Amino acid sequence: VKARLRSLGTATVAAAALLSAAPAAAQDADSLYLAPMRAPASPAFVILGIALAAVERPATPQAFALGLVAAEGGSGLLPQNYAVEVAPYWMGPRRTLTWAQVERPGVAGAIAQSFTVSLATATGAGTQPEDSLTRVGIGFRVMPVAGQVSPAAHHLAAGLQQRLDARSRRVVQQMRAEVAGDTAGVAAIQAWLLADSAVTADLGSQLADAMRARVGLIVEVAAALSAGFAGNDFNAGAVDGRGAWATVTYAMPDQPLDLIAVARWLNLNPVVGPAQDALELGGRGILRAGPMAGSVEFVRRQASALAALPSDGGGLASGNRLVGILEYRATPDLFVGFTFGQDHPVAGRDVTPLVARLGVNFAWGKRPLITGAP
Amino acid sequence: MPTEHRAYAVGAEPVTLRIVVGEGQMGGVAVGVGDDDITAQNGLYTLGAGDHLVGQPAFAAVSVSLANPASRRTSVTYTLDGGVNDAFTLEQDLTGGTGGAVVDYRLFMTFTSAAGGTS
């Protein structure tokens, strides 16, 4: 069973999709929209050992996101591992939240806006029903220090504010023309507004993209818990993992470089085998170039000694993980990531585990659109 | 574009309008009374004395861009104050939209006299 589970965390082909929607009560099917691309690195995935990267980079939370991971060795075509991540703050209306509070949220605002809860499942199918094991993870993360808006975003915001001010003045002119019955004037301003919409929307889109990448010092704290159900027997369920970690990111304001450090504590108490603690310290450097990002990740694990080696080998061993990660945003709806390198060693096995994972995040369905009154 | 028409009963007191662009989105705001444009002071638009507003149309336009990547909502909250009744708040919102999409919110205001006259 343990060997099967471990296969989920090593050579993995991941197909991850993100679907984001506003609360069902607040919208109909036509107003479903898709979230921006994001790697499925929720804490619940991390505690289950199926995340693409061990050192997550900070990301803009979405109201609701769904991640799917198909693991090598799984049966059938459908992914066997799922995660949902919910940002409660963004699930309801925020009528009093201003742009300034998003640009500079402060500590309390950053905590509220960034808090997410994630749930994930990972299934390892055995040759016999009693060998199968389903693991369930729950985690949260929060970003008490959210960095700053980038200089590029500041520049875009100033330009967009000017355009929106000018546009709103035109709209008032149009309203005056309507009251005066000046149909020609209304039509002329309508034509101006239509022409302006594309330019202003493009600028707004650029700003939204720029706002996703904050710069400076960013601190994120996460924790997660997992439970295993041997033989898929509910009554056999037991907590088999706990973890807490912090990531500190420094995103350089004027360079396309992010440096991330992580400190993680893990307590694993597998269904089969002895309990262990592990402390992981590591870092990741990310170099961004347009839609591409390349990164190198190094994590040093110090695991507590095993009292007795499990019969199938396994258990955590102290050692290093060193991987390279390439990410490419091919289109606004398609994100591809590839991870390759060596994973942490496994106790009792004289091999260096390989990490070779291909992650694809894709969006499908309706194009996002404005709904409501015309 | 979302449009609202509201009548507001006024006396002689100054009437003010406060506009909040919510959901952490960016917005441009313009307010006018008749042919005059009104500028804000500390986010508050003073439209004028109530008895001078009767008979004049007033306009508020808010152009909102979906620039907050964490939300696909836009909302505008208007609060009129200074009339004979308590301040009232009008909320307009939309859900869904691409990043950067622009939504123009419009509010037409007319003022009625507390003594019984209309605009």
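What follows is a short chat about a predicted model.

Me: What should I know about the numbering and the thresholds here?
Reply: Residues are numbered from 1 along each chain as its sequence is written, while chains are lettered from A and ligands numbered from 1 in the order in which they are written. The model is predicted, so local features need pLDDT of at least 70 and side-chain atom pairs count only at pLDDT 80 or more, whereas totals for chains, interfaces and linings use all residues, and side-chain values use heavy atoms, with hydrogens and water left out.

Me: How many helices and strands does chain A have?
Reply: Chain A has six helices and 13 strands, where helices (H or I, at least four residues) and strands (E, at least two) are DSSP runs numbered from the N terminus.

Me: Is E280(A) buried or exposed?
Reply: E280(A), which is found in strand β9 (residues 276-289), is buried, with a relative accessible area of 3%; buried means under 20% relative accessible area, exposed over 50% and partly exposed in between, with a 1.4 Å probe and protein chains only.

Me: And which residues does E280(A) touch?
Reply: Leaving out residues up to four places away in sequence, E280(A) touches several residues, among them V262(A), L266(A), R301(A) and H344(A), contact being heavy atoms within 4.5 Å.

Me: Switching topic, what share of chain A is buried?
Reply: Of its 374 residues, 47% count as buried.
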